[in-house]
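Please look over the model below before reading my notes.

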Amino acid sequence: MTEQSRETEVSWVRLRPDGIVELRYKRDSIQSLEHAKHEVSIIKELLGDRAPAPLLVEVGASRRQEGEARHYLVEDPAVAEVISRTALLVRTPISRVLATIFTRLQSPTMAVKVFSDEEEAVAWLLEARRQ
């Protein structure tokens, strides 16, 4: 692992050269509130004074995310100080349906959008940096 990436029990977190934070979940992982808080602290550490930054999350490999973790990540104002917007990258039609439902049921403190194409997700995330 380099200085710009970290591995947790359930995920890999990386600060990309383009300024996007990438979060990829390990296969069959279950993300708890404790895991979510740890990931946000890692993101904050990686970003330093460059926060907030856009976040690309690939959710496909994980088994599930506990409700408290979901609530914290999209509704806690402290997270919005670190993450400016989130692109959820899904790989299957059922993942897309579940992610879309999730984004509509929450009250996000930042823009959250679901994508099945990584290039489109990255373009959307970088669009905000240019504005």
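The notes go from the sheet to the cores, then to single residues and charged pairs.

1. Ground rules. This is a predicted model, so local features need pLDDT of at least 70, side-chain atom pairs count only at pLDDT 80 or more, and totals for chains, interfaces and linings use all residues. Residues are numbered from 1 along each chain as its sequence is written, and side-chain values use heavy atoms, with hydrogens and water left out.

2. The sheet. Start with the strands (E, at least two residues) and helices (H or I, at least four), which are DSSP runs numbered from the N terminus. An open sheet of 6 strands has the order E1-E2-E3-E5-E7-E8. Its pairing is mixed; two strands pair if DSSP finds at least two bridges between them. The edge strands are E1 (5–7) and E8, and each pairs on one side only. From one strand to the next, the twist averages 15°.

3. The antiparallel pair. E2 joins E3 (residues 21–25) through 5 bridges, and the two run antiparallel. Leu15 has Val21 in E3 as its bridge partner. Helix H1 (residues 33–47) packs on the sheet and touches E1, E2, E3, E5 and E7. Contact here means heavy atoms within 4.5 Å. The direction of H1 makes about 20° with that of E2. Axes are lines fitted to C-alpha atoms, for helices over the stretch in contact, and angles run from 0 to 180 degrees between N-to-C directions.

4. Strand E7. On the E8 side, Arg85 stands opposite Ala111. E7 (residues 83–89) is mostly covered, with 6 of its 7 residues buried. Buried means under 20% relative accessible area, exposed means over 50%, and partly exposed lies in between (1.4 Å probe, protein chains only).

5. The cores. A nonpolar core is a set of buried Ala, Val, Leu, Ile, Met, Phe, Trp, Tyr and Cys residues joined through side-chain atoms within 4.5 Å. The largest has 27 residues. Val13, Val21, Ile43, Leu47, Leu55 and Ile83 have the most contacts inside it. Two or more residues come from each of E2, E3, H1, E5, H2 (67–75), E7 and E8. H1 gives the largest share, 6 residues. A second, separate core of 10 residues includes Leu56, Leu89, Val122 and Leu125.

6. Ser11. Is Ser11 buried or exposed? Ser11 counts as buried because its relative accessible area is 0%. Ser11 sits in strand E2 (residues 11–15). Its side chain makes a polar contact with the side chain of Glu39 (2.7 Å). A polar contact is a pair of N or O atoms within 3.5 Å; within protein, one must be able to donate a hydrogen and the other to accept it, and residues adjacent in sequence count only if both atoms are side-chain atoms. Not counting residues up to four places away in sequence, Ser11 touches Arg6, Leu23, Arg24, Tyr25, Lys26 and Glu39.

7. Glu34. Glu34 lies in helix H1. Glu34 counts as exposed because its relative accessibility is 65%. Glu34 and Ala69 are 35 residues apart in sequence, but 7.7 Å apart in space, C-alpha to C-alpha.

8. Salt bridges. A salt bridge is a side-chain nitrogen of Lys or Arg within 4 Å of a carboxyl oxygen of Asp or Glu. The structure holds 9 of them. One joins the side chains of Asp18 and Arg16 (2.6 Å, N to O). Asp18 is partly exposed, at 29% relative accessible area, whereas Arg16 is buried, at 14%.

9. Glu22 and Arg24 meet in a salt bridge (3.1 Å, N to O), and both are buried. Arg24 also meets Glu118 in a salt bridge (2.8 Å, N to O). This pair links distant parts of the chain: Arg24 is in E3 and Glu118 is in helix H5 (residues 118–130), 94 residues apart. Glu118 is partly exposed, with a relative accessible area of 25%. Salt bridges that share partners join Arg14, Arg16, Asp18, Glu22, Arg24, Glu58 and Glu118 into one network.
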